[in-house]
Amino acid sequence: RLVGLDEIPDLSNENFRLEDGDLLETTSDVFGYGGVLNWPRRLARLPDWTKVAFHYNTSQNFVPETSRVDQYRRPIPSPSGRSKDYGVSFYLWDSKVIARFNWYVSTLAGAGAAVSGLFNNLNTDIFNHYGNLNRNLRQVDADDEGVIDASIRDALVVDPSTGLTEDGLTRDQAVAALYPNVARARAARSALGPHLTDALKEAYNYRMAQDGGSLTQAAGNVVDTQDIEARGFEAELVINPTRNWRIAFNAAKQETVLTNIMPRITALLTNMWLPHLQNFGDLDWNEPVEATSGNTASQQINARLLDYFAVKGQEGRAQSEQRRWRMNVVTRYQFSQGRLKGFSVGGAARWEDSYAQGYPLINDPRGLILPDVDHPYRSTQEMSYDLTLGYRRRILRDKDWTAQLNMRNLQNWDSDAITV
């Protein structure tokens, strides 16, 4: 159990008992089936050198996740989904040529979102922002009356003969210049109040510090979710011109579509942060009562949102950060006679499609800086080459000894670049 304001675990023999802990159990029944159908030669005749087989597989998916919680420390259901793949294979000329084609689709509902850490930060920042507002207001208005304390006004140094500060201001003018945002800071604090619910305070173990600031603790593995659908196509062609020579080609297309992206973060932004920043985003984050001298509230929160908008902006369409196509060709020849007997030589060529490696930033009418997901910075297509040299011989009658040298990315032979 947890004890004290800081929720320190009590590890004493008397109180550290498993039966007193929060034990979570998650179970699910999953079902899957598949099959292969060889071409029925009696019903439809094919050439003797041809064999055809069809395959189909489907299964339910379940990923047990018991540590995930929402902002109130309530458990989030485990991800679940379904996978399906189907295709056809051709075996020609006694398998000298083999061709396979496969299509697949896989879905997963409730998967952890890539920027789930943002959810915890945005909730924590509600307390941080409230604490900064409350602390700074108390520093200039200890009685919380909406009026700057007379002691602050009286502490300003003025010329006795003129009653003016060194900047030529009266005490009232100087106070107004030093603390221009008292009224707006009070309004911002009041606007945050309804969002600091008892349930949220309990989840983050909120306490008010002596100076009015906020003290919180992590609420646990706070995450948000998204639904994933992955679709793709795979083709493979294997050619064996001779017993010693093998050529293989494969191509793959893949697309991942995200939907229902981060509904909890979206609700928090829509209902709280975006309207709040629209009204009070220009206040200084650390000293909101005073003139802006550091990050504003908008800058503080916006810095956290770039990754969110980069993902959310692609909801319902293929993710551009993923290479859509990949193609490879591999060949190998084994010498079985003559002076090169035992040696082998092979190589490969690998091509990869381009992908979005970044986004330009644009100014949003709401005062935010957002990634322009419609015009990404795309990488170049990648072409890579490999070489393999090997030697194999039998030793000790029943033992094979093999040595092999693999060289990858030969296109970088005279370059300092590193292919990733």
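The second largest pocket of this predicted model has a volume of about 200 Å³. Pockets were located on a 1 Å grid over the protein atoms alone, as open sets of points where a 1.4 Å probe fits, with protein on both sides within 12 Å along at least five of seven lines. Grid points are joined across faces, edges and corners, and the volume is the space filled by probe spheres set on the points. The pocket is lined by 14 residues, and Gln-71, Tyr-72, Asn-123, His-195 and Leu-268 are the closest to its centre; a lining residue has an atom within 4 Å of a point. Helices α1 and α6 are the elements that give two or more residues to this lining. The most, 5 residues, come from α6. By class, the lining has 8 nonpolar, 5 polar and 1 charged residues. Here Ala, Val, Leu, Ile, Met, Phe, Trp, Tyr, Cys and Pro count as nonpolar, Asp, Glu, Lys and Arg as charged, and the others, Gly among them, as polar.

Residues are numbered from 1 along each chain as its sequence is written. Local features need pLDDT of at least 70, side-chain atom pairs count only at pLDDT 80 or more, totals for chains, interfaces and linings use all residues, and side-chain values use heavy atoms, without hydrogens and water. Elements are DSSP runs numbered from the N terminus: helices (H or I, at least four residues) and strands (E, at least two).

The largest nonpolar core holds 50 residues. Such a core joins buried Ala, Val, Leu, Ile, Met, Phe, Trp, Tyr and Cys residues through side-chain atoms within 4.5 Å. Leu-122, Met-262, Ile-265, Leu-269 and Trp-273 touch the most other members. At least two core residues come from each of α1, α3, α4, α5, α6 and α7. The largest share, 9 residues, belongs to α1.

Arg-135 also lies in α1 (residues 117-140). Its relative accessibility is 12%, so Arg-135 counts as buried (under 20% relative accessible area; exposed is over 50%, partly exposed in between; 1.4 Å probe, protein chains only). The Arg-135 side chain reaches the backbone oxygen of Asn-286 at 2.7 Å. Beyond neighbours within four places in sequence, Arg-135 is in contact (heavy atoms within 4.5 Å) with Asp-211, Gly-212, Gly-213, Asn-286 and Glu-287.

Most residues other than glycine have a negative phi. For Trp-93, phi is positive, near 50°. Trp-93 sits in the loop between β6 and β7 and is partly exposed at 44% relative accessibility. Phi of Asn-205 is likewise positive, near 50°. Asn-205 occupies the loop between α5 and β8 and is buried, at 13%.

Definitions and conventions. A polar contact is a pair of N or O atoms within 3.5 Å; within protein, one must be able to donate a hydrogen and the other to accept it, and residues adjacent in sequence count only if both atoms are side-chain atoms.
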